[in-house]
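Dear colleague,

Please find below the structure that I am handing over to you.

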Amino acid sequence: MTYRECYEKGSRILNEAGIEESTLDARLLLEAVCGTDRNDLLVHGEQPVEPEAEEKYFGWIGKRAGRIPLQQLTGEQDFMGLTFTVNENVLIPRQDTEILVEEVLKELHDGMRILDMCTGSGCILLSLLHYSNDCEGLGVDLSAEALEVAGRNVLKVLTPEKAEHAHFLQSDLFEKVEGKFEIIVSNPPYIASAEVEKLMPEVRDHEPVLALDGMEDGLYFYRKIVSQADGYLAQGGWLCFEIGYDQGAALKEMMTEAGYGQVQIIKDLAGLDRVAVGQKK
């Protein structure tokens, strides 16, 4: 089959399977298999596709039709202008989370220590280290499988010099953490348990529940982190969270009652609550 024929057949299969962005996913999977880019469809659409590549492509198309996320098939996801390795053991980095990183960067200065709680793929911590100088970072997660992915991402996105400043620790929140940090940042599980089953199949069935389920009301991990962070946050340091679209008021009250100042709720481009930040007085 030609490149264009593969693409058109792949698009049709995904469309019939109810994949919302069927044409985009078909093109991205074909590019990943063939090592091509978006121009090839326009310029080299009549070129034949090698049988091995064709077989792999339609194997991926079948899996995507079965709702396996595209990023788990390609093994990669772009975030903050960097490319991260991902698999079924970590949440796929979302564009919304870039808002959290951008807010932290406003307060991050050279030489600071950063703690990334519930680090997953390491995308938040490693992005912060990439876009700063001489900062030290510790990523914490309960999942050993997630930390393995984060470790693989260190040299994928950082220079060898900056990579020396990235560390990871398997710990149940602060249980094994030591020292003080100028920034504590977290994108913890924040979906209420009853809502997890209502998520789209790609998320519900293929991303780690451990990284999604925020217990009964979705606020369990915020309460734990807010109540314990003071002992690990330097004077004047910042506590920064990604939050759910309707959790801003709860987080503002929670952080204010815990003694944090300058508590702000930052909204995303859709006007929904996305980030909560507060400073240790």
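**Findings in the predicted model**

The second largest pocket has a volume of about 200 Å³. On a 1 Å grid over the protein atoms alone, a pocket is an open set of points with protein on both sides within 12 Å along at least five of seven lines, while a cavity is a set of points where a 1.4 Å probe fits but cannot get out; lining residues have an atom within 4 Å of a point. Grid points are joined across faces, edges and corners, and a volume is the space filled by probe spheres set on the points.

Please note that this is a predicted model, in which local features need pLDDT of at least 70 and side-chain atom pairs count only at pLDDT 80 or more, whereas totals for chains, interfaces and linings use all residues. Residues are numbered from 1 along each chain as its sequence is written, and side-chain values use heavy atoms, with hydrogens and water left out.

The lining of this second largest pocket includes Gln 95, Asp 96, Lys 267 and Arg 274. Helix α6 (residues 97–107) gives the largest share of that lining, three residues; helices (H or I, at least four residues) and strands (E, at least two) are DSSP runs, numbered from the N terminus. By class, the lining has four nonpolar, one polar and six charged residues. Here Ala, Val, Leu, Ile, Met, Phe, Trp, Tyr, Cys and Pro count as nonpolar, Asp, Glu, Lys and Arg as charged, and the others, Gly among them, as polar.

One cavity of 30 Å³ or more is counted by this rule. The largest cavity holds about 30 Å³ of space, and its lining consists of Leu 129, Ser 132, Asn 133, Asp 134, Cys 135, Lys 162 and His 165. Two of these lining residues are nonpolar, three polar and two charged.

Leu 129 is also one of the buried residues of helix α7. Seven of the eight residues of α7 (residues 123–130) are buried, so this helix is largely enclosed by the rest of the structure. Buried means under 20% relative accessible area, exposed over 50%, and partly exposed in between (1.4 Å probe, protein chains only).

Gln 72 and Glu 88 may be considered together. Gln 72 is found in helix α5 (residues 70–74) and is buried, with a relative accessible area of 17%. Glu 88 is placed in the loop between β2 (82–85) and α6 and is partly exposed, at 47% relative accessibility. Gln 72 touches Glu 88, and also Asn 87, Ile 92, His 206 and Glu 207, not counting residues up to four places away in sequence; contact means heavy atoms within 4.5 Å. With the same exclusion, Glu 88 touches Gln 72, His 206 and Pro 208.

Most residues other than glycine have a negative phi, and most peptide bonds are trans. Met 80, however, has a positive phi of about 55 degrees. Met 80 lies in the loop between β1 (76–79) and β2, and counts as buried at 12% relative accessibility. Met 215 has a positive phi of about 70 degrees. Met 215 is found in the loop between α11 (201–206) and α12 (220–229), and is partly exposed at 36% relative accessibility.

Yours sincerely
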